[in-house]
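Reader: I am new to this structure and would like to go through it in short questions. Please show it to me first.

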2 protein chains.
Amino acid sequence: MKITITGLDVFDVRFPTSRQLDGSDATHPDPDYSAAYVVLTAANGATGHGFCFTIGRGNEVCVAAIEAYAPHVTGRDIDLDDLGEFSRRLVNDSQLRWLGPEKGVAHMALAALVNAAFDLAGVAAGKPVWKLLADYTPEQVVDLVDWRYLTDALTPSTALDLLKDRSTGKDAREAELRRGGYPAYTTTPGWLGYTDEKLVRLAREAVADGFTQIKIKVGSDLTADVRRMRLARAAVGTDVRIAIDANQRWDVQQAIDWVGRLAEHDPYWIEEPTSPDDILGHAAIRRAVAPVKVATGEHTHNRVMFKQLLAVGAIDVLQLDACRVGGVTENVAILLLAAHFGVPVCPHAGGVGLCEVVQHLAMFDFVAVSGSVDGRAIEYVDHLHEHFIDPVRVVSGHYLAPSQPGMSSRMWPDTLAAHRYPDGSVWQ
Amino acid sequence: MKITITGLDVFDVRFPTSRQLDGSDATHPDPDYSAAYVVLTAANGATGHGFCFTIGRGNEVCVAAIEAYAPHVTGRDIDLDDLGEFSRRLVNDSQLRWLGPEKGVAHMALAALVNAAFDLAGVAAGKPVWKLLADYTPEQVVDLVDWRYLTDALTPSTALDLLKDRSTGKDAREAELRRGGYPAYTTTPGWLGYTDEKLVRLAREAVADGFTQIKIKVGSDLTADVRRMRLARAAVGTDVRIAIDANQRWDVQQAIDWVGRLAEHDPYWIEEPTSPDDILGHAAIRRAVAPVKVATGEHTHNRVMFKQLLAVGAIDVLQLDACRVGGVTENVAILLLAAHFGVPVCPHAGGVGLCEVVQHLAMFDFVAVSGSVDGRAIEYVDHLHEHFIDPVRVVSGHYLAPSQPGMSSRMWPDTLAAHRYPDGSVWQ
């Protein structure tokens, strides 16, 4: 179904989260969760909403980058049944490509547009995006992917075989998802700016709420980390997993040494131990800290980097992000790579709206790609969901499957008005 | 010497190079060479000029990104003897960091600012930047570098030893540089949009002008590439090197096959055979196409990527770019890594102003870091130099050492006015 886009509106939306140190970690002590938020309007009046996530300053640069793609969007047709073409049209702009290629601000902006197009497609089909994707034929899924640079690791035909194999049991998995939801873990207790008392209280609440995994931030102060890890372990007991997250703080040997000092409290994974670009560094850390797992991905900028992280055995857990790479289409490529290499995907979320959007990808993965929730959980943070028209519903440590059409990406009009930077009422 | 910055002015400067297909390649068929150009003004009235290079659309996004760093620049002091601190101040902005980290638009913008600060430092010292850097003590050079994420490959103390070792003979190398210049190779003949006749004519002119290496673009059409490579080889003879450049066009196996088909005409290196992010892919290609060398770097986004390319033996030639990574400071780190691993650096240039700026880094490298020009040459393209106050001088296939203070980065005021986008006269 082709549809003509007649409007592209972009909003600089920011939330003053730094005032409570929500989201504080060793590298980002004072984030103001923000979104460069785009609304596509079609000739028939339908709209598609998407965004990329930032942590404050520079959100206006992402707004400018989204607007730079306008010639490929405004006044142009989008085929809602061939959004791979739409994605490749943006990726291959012969001049904008120089700004990446396929990384950083330009790629984040592209993600906002691609995800908005999928929101529009979901609304047009009357389906949540996870279901829209799950109902695609294997051929349609393969056609979403830009296969360039992937074929030494995974070819379209191998991916097609994988998807056809997973067709068995799809209906049962969809029913299971609708019944029980998708596992979640929570980062709510663990922000670095929180007091020990708040950490312990929130960790206990998390267990009481049914979570079987929490995450705490580390990497600023070793003595404090040892103490916080001990307190968290005492609060949750031995049966609940505690992931730790260094937010890129360390060099390779420093990561190995630091994780070694925390090992007695049984961390489940170490997340972002070093530069997100350091594929070989992650591999070296993984070899040294096992059985502690190594996780990364929220800053991994495209499928080529994920291909290498997987091929070289650098990670135990792949942390998909809904709007760092080029949106749904590139994330489908990454889900296929992860399934091919047998590495579980535990999506990055939190921020503003990341939980809402990424749940669709994880649920599609369960129904149609990996076919499993073993060792998998979507990150959850209980912030800012009230700003969304179709907020996530997390019950007993599980995300319930969204039922509204689209990608759950729409903020309330009052939110867009009040949080618009710098003129919204919140910023006065 | 501390200096207060009172002004930060940014210009969107574009040249309509696509009208003649100058700069056309397999991935970028129609570039309009552009610069997001920044002028820092100090309290004493001195100015520093820098820019990042783009190929047209999206240059305004880089302008916005430069302006996003203003709180760290305008009204703030810069210590011209400690520009590593200035660089790290920009890199570590706790919110802007999210836009990369250290990649894409945000990092290119940072490069423009860091290079402008070095231009200012050169002017203040009355020295061209290559000489300013060459006169630094080994300790000062080491202090320029952000060592984070590097220490598994190279530590500050090993770098210090390397620099102290290279102190021997510095004066003689400086004299040699002033006398004979630094080797160049030319890409002028080889743009993909040029006719065969133009290719042959320009290739012959290049040899007559004293160049011992030319470069031609490949990757769009194998039959045409075989023909053009044969014509170029016939035009230059067997003693002149012909590098080929695919501008990221291929998958890994495709690169191996395509280079194999051109091998009979003795290509010297294959440049950007695949995604610039594919470290392991470059390593696989290198193993397969030897003795043809593998070169990359103009799109390699930071020192962490270069560290891995070098550590894994993925490249024979490192192509430094003056304003893709974070400016002089990060390029010093990359020069140290290259010297440590014994890989020659052949800087990427062309575009607008890239020759002017990058020559300073190569000359510093010869005098103080690698201490050699063996296997090294700076790319040269004879476009747009007339727009610079201190343009490169290339004679008999060699860049002559700049003598004017600063980084040769200043465009004429008339150029800035006429090429300002979209209101300059050139764009009317």
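**The sheets and the contact between chains**

Author: Strand E1 (residues 2-14) of chain B runs antiparallel to E4(B), and three bridges join the two. Strands pair here if DSSP finds at least two bridges between them. Helices (H or I, at least four residues) and strands (E, at least two) are DSSP runs, numbered from the N terminus. The model is predicted: local features need pLDDT of at least 70, side-chain atom pairs count only at pLDDT 80 or more, and totals for chains, interfaces and linings use all residues. Residues are numbered from 1 along each chain as its sequence is written, while chains are lettered from A and ligands numbered from 1 in the order in which they are written.

Reader: In what order do the four strands of the open sheet in chain B stand?

Author: The pairing in this sheet is antiparallel. Strand E3 (47-54) and strand E4 (77-79) of chain B each have a single partner strand, so one side of each is left without a neighbour in the sheet. The twist averages 40 degrees from one strand to the next. The order is E3-E2-E1-E4.

Reader: What angle does H3(B) make with E3(B)?

Author: H3(B) packs on the sheet and touches strand E2 (34-42), E3 and E4 of chain B. Axes are lines fitted to C-alpha atoms, for helices over the stretch in contact, and angles run from 0 to 180 degrees between N-to-C directions. The angle is about 150 degrees.

Reader: How many bridges pair E1(A) with E2(A)?

Author: Chain A has an open sheet of four strands in the order E3-E2-E1-E4, with antiparallel pairing. In E2(A), A:Ala35 stands opposite A:Val13. The number of bridges between E1(A) and E2(A) is nine.

Reader: Is helix H1 of chain A largely enclosed or open?

Author: A residue is buried if 20 or more other C-beta atoms, placed from the backbone, lie within 10 Å of its own, exposed if 12 or fewer, and partly exposed in between. The buried residues of H1(A) pack against elements of chain A, including strand E1 (2-14) and helix H3 (104-125), together with H1 and H3 of chain B. Nine of the ten residues of helix H1 (residues 59-68) of chain A are buried, so the helix is largely enclosed.

Reader: Which element gives the most residues to the side of chain B that touches chain A?

Author: In all, 52 residues of chain B are in contact with 53 residues of chain A, contact being C-beta atoms, placed from the backbone, within 7 Å. Elements that give two or more residues include helix H3 (104-125) and helix H10 (252-262) of chain B. With five residues, the one that gives the most is H1(B).

Reader: How many residues are in the largest nonpolar core?

Author: A nonpolar core is a set of buried Ala, Val, Leu, Ile, Met, Phe, Trp, Tyr and Cys residues joined through C-beta atoms within 7 Å. Among those with the most contacts inside the core are A:Val61 and B:Val105. Beyond its neighbours within four places in sequence, B:Val105 is in contact with residues of both chains, including A:Val61, A:Val105 and B:Val61. The number of residues in this core is 314.

Reader: What percentage of the residues of chain A count as buried?

Author: The secondary structure of chain A comes to 15 helices and 13 strands. Of its 428 residues, the buried percentage is 62%.

How values were computed
Two residues are in contact if their C-beta atoms, placed from the backbone, lie within 7 Å.
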